[in-house]
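This briefing goes with a structure shown below.

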4 protein chains.
Amino acid sequence: MDTRRTEAFSDGVFAVAITVLVFGLLPIGGGADVTHELLRSWPRYIAYVVSFLTIGIMWLNHHALIAQLREVNRPLLIMNLLLLMGVVAVPWPTTLVADHLTGPAIGGGRASTVTYGLVLLWIATAYSIMWVYIGRRAAQVAHLADRPPERLKTLRFMAGLGGYAIAAIVSFFSPGVVMTIYGLIAVYYFFEHVPSPASREKVAGGDVVPDLPAAEPGVVSEP
Amino acid sequence: MDTRRTEAFSDGVFAVAITVLVFGLLPIGGGADVTHELLRSWPRYIAYVVSFLTIGIMWLNHHALIAQLREVNRPLLIMNLLLLMGVVAVPWPTTLVADHLTGPAIGGGRASTVTYGLVLLWIATAYSIMWVYIGRRAAQVAHLADRPPERLKTLRFMAGLGGYAIAAIVSFFSPGVVMTIYGLIAVYYFFEHVPSPASREKVAGGDVVPDLPAAEPGVVSEP
Amino acid sequence: MDTRRTEAFSDGVFAVAITVLVFGLLPIGGGADVTHELLRSWPRYIAYVVSFLTIGIMWLNHHALIAQLREVNRPLLIMNLLLLMGVVAVPWPTTLVADHLTGPAIGGGRASTVTYGLVLLWIATAYSIMWVYIGRRAAQVAHLADRPPERLKTLRFMAGLGGYAIAAIVSFFSPGVVMTIYGLIAVYYFFEHVPSPASREKVAGGDVVPDLPAAEPGVVSEP
Amino acid sequence: MDTRRTEAFSDGVFAVAITVLVFGLLPIGGGADVTHELLRSWPRYIAYVVSFLTIGIMWLNHHALIAQLREVNRPLLIMNLLLLMGVVAVPWPTTLVADHLTGPAIGGGRASTVTYGLVLLWIATAYSIMWVYIGRRAAQVAHLADRPPERLKTLRFMAGLGGYAIAAIVSFFSPGVVMTIYGLIAVYYFFEHVPSPASREKVAGGDVVPDLPAAEPGVVSEP
């Protein structure tokens, strides 16, 4: 299957999943004092911002990953579905965290942030599997645009995976601060991202407007 | 109508329908013990995974079906709408199954999985009608890209339809296990899929980057 | 603004609005007898099917209308927004009808179907205004692809508008059957549609694969 | 990253966010008199219309802003995410306003419209930062299509930002009328918009169908 359709479908799923996050903000208790209720709901806002940045930056990296390919085969499509299965689920633990971070139940905050961490760990794992798979197949199938991801880049990318694993463990002990870690990992992934073909081009040559067939390998199959 | 717009609209509907599945995960009872509540909700997770894979793989096959065409006529558009009518409805029986699979009411689980089966049967029927219609019209209108779907392929494709019918009947007797069957049918359809033009090309010739006008017949009408 | 972006945004809105209809199916009362509850909910299914076909066929005609243009100016963009404002609202009266058609309150059914009719009347009016505007501007701005919509076609198109007006009045007296009228209008609009450029081309010449610059005027501005 | 993908993702987010507004219309109290309930809900309709126009016109201006670029760099992508974070949140204060504008609690209306104003202020601020950033970078990176936005245009654009700031303050004193101001700002932004490349072209030359490479700089990177 050509990458254009896979991108279009994935873009749609990312766009809807990120918008569904607003439902975590919506329910306000029917109390008379709306101002108090709104101020008291600060965990909702934190959960919204962290999840929004996380999904948004995942979208950036997802694009960069798919853009390296000319064609998407069946195994990659199923990996992509498993990745999206995690992305779509994000609003669920986000709502859990929003509802239980400051709730009366001690176990509530912990169970919520652990669930949150497990969903992000799922996504990071699916990413890493796709990353490794693409790297391994590069030589064999020659589908990869120009060159395999470098080993160092892979190590750094995996560091984020480790970050999610550590955060998932930390959340057992301190549910209140682990959300900060998730926010920081989002920022980390923003800088330590999969190099987009365009930016790699910029490093290799000096031209800002890239030479198209090389710079956008994902769309060369369009006439 | 050109296939590009039909694909774009259908992709959007598939992407939103698959994301709406997260609403089946969202509602958690207001009980104090969130951990217990989350562990007790395992039917939600099963329903989510099975429905996600089902819609995801339906999207794959839908793409492969549409990609065989140069143009979509009015009868095909109405068939496509009837197909999407079933796809959009999937989150409804998914929520039913999630809520009633382990509920106290014996009838609840059965009614839910039967409803689930009927919706999937509707979708599979709409698919099969589109498949047969495209095959029959192939010779007459010469819209079909290169060749009509082979008879054997059609038989195998219909087997999935039979699977949904059998599952719908089984769900009257054993609501608890029929979800496994639906999951297996999704896996079956993943392998026994409509051949995508690109993959057929790969079989015919040996070139990985396909010859475009033949390989992407759905987009040849774009300059 | 080029039509491509307007189409993409409108397609997205149509796709999400049609998928939101599933929320009209979702809430099931917590009664023990799920089977009885599901059978008793038949107004939900009718409302879902009628609204799905209505939005789906509106999408078809919207595409055919926009496809006649090379470029969308500011007045058309605001008309399009007003049209979409009605389309997005459709799930609201759909849920009203689903909840109140067989409810105990006599006024409930009537108020619901009247609201339903008013929303559809809004959409049909916005369509008609766009239709007339495009027809009038055709000679002046010369943006129109090949020829203005014929007068007879316009009259027939307006008939649907009249149908919605009549249905809105009928719904004051017989809320139970007016949904059938809405379904029939959807079917009417399916056949009495805005002629798509491609199908017109087919009538004019004999070639199935249309001559592109004339047949897809909306995308000629893409290189 | 090329602008095409950024546009596609942003379009999706705008389309879903505008459609989610319908959830502000949905919940109707279970009272027997549906007609009375529907008439009493007029603040819902005002909130729906104002928010719909606001998001719709933001989409127009977002497109015009992005269309000026050939390529989107990382800082712009994060600005865009922050902008979308505000857009996605709009249905939240919309529902607040719909629920509390005529509610018994005096503080409810004020808290709701203030929240509404803060969200719009966030969006307007993100827009302005993007606008200034693009203007400043124009000379340096030479990514800008043809010429930097003029100073006067910038001043007028900023006036809208000031409008949101003033409205946010006004909403502390008169929650009932401030919604009118938000509606008027939407209308203001409709006319005082970012000039789209196509319309600027029309001013410069006399040709209605624009010279493509100059007129659609955002898509020139597509072969």
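**Chain A**

In this predicted model, buried residues account for 61% of the 223 residues of chain A. The chain has 10 helices and 0 strands.

- From the N terminus, the elements of chain A run α-α-α-α-α-α-α-α-α-α.
- Among contacts in chain A with a separation of 6 or more, 79% are between residues 24 or more positions apart.
- Chain A exposes about 8400 Å², and 69% of that comes from carbon and sulfur atoms.

**Helix H5 of chain C**

- H5 of chain C (residues 91-100) is mostly covered, with 9 of its 10 residues buried.
- Its buried residues include C:Pro91, C:Trp92, C:Leu96 and C:His100.

**Salt bridges between chains**

- Over all chains, the structure holds 10 salt bridges.
- B:Asp11 and A:Arg5 form a salt bridge, their closest N and O atoms 3.0 Å apart. B:Asp11 lies in helix H1 of chain B and A:Arg5 in helix H1 of chain A, so this pair joins two chains. Both residues are buried.
- A:Glu7 forms a salt bridge with D:Arg5, with 3.3 Å between the closest N and O atoms. The pair joins two chains because D:Arg5 sits in helix H1 of chain D and A:Glu7 in helix H1 of chain A. D:Arg5 and A:Glu7 are buried.

**Salt bridge within chain D**

- D:Arg44 and D:Asp99 meet through their side chains in a salt bridge (3.8 Å, N to O). The pair links helix H3 (residues 42-66) with helix H5 (residues 91-100) of chain D, 55 residues apart.
- D:Arg44 has 13% relative accessibility and so counts as buried, whereas D:Asp99 is partly exposed at 39%.

Terms used
Residues numbered from 1 in each chain as written. Chains lettered and ligands numbered in written order. Predicted model: local features only at pLDDT ≥ 70, side-chain atom pairs only at ≥ 80, totals over all residues. Heavy atoms only, no water. Buried < 20%, exposed > 50% of the residue type's maximum accessible area, 1.4 Å probe, protein only. Helix = DSSP H or I, 4+ residues; strand = E, 2+ residues; numbered from the N terminus. Contact = heavy atoms within 4.5 Å. Areas by Shrake-Rupley, 256 points an atom, 1.4 Å probe, with all protein chains shown as cover. Salt bridge = Lys/Arg side-chain N within 4 Å of Asp/Glu carboxyl O.
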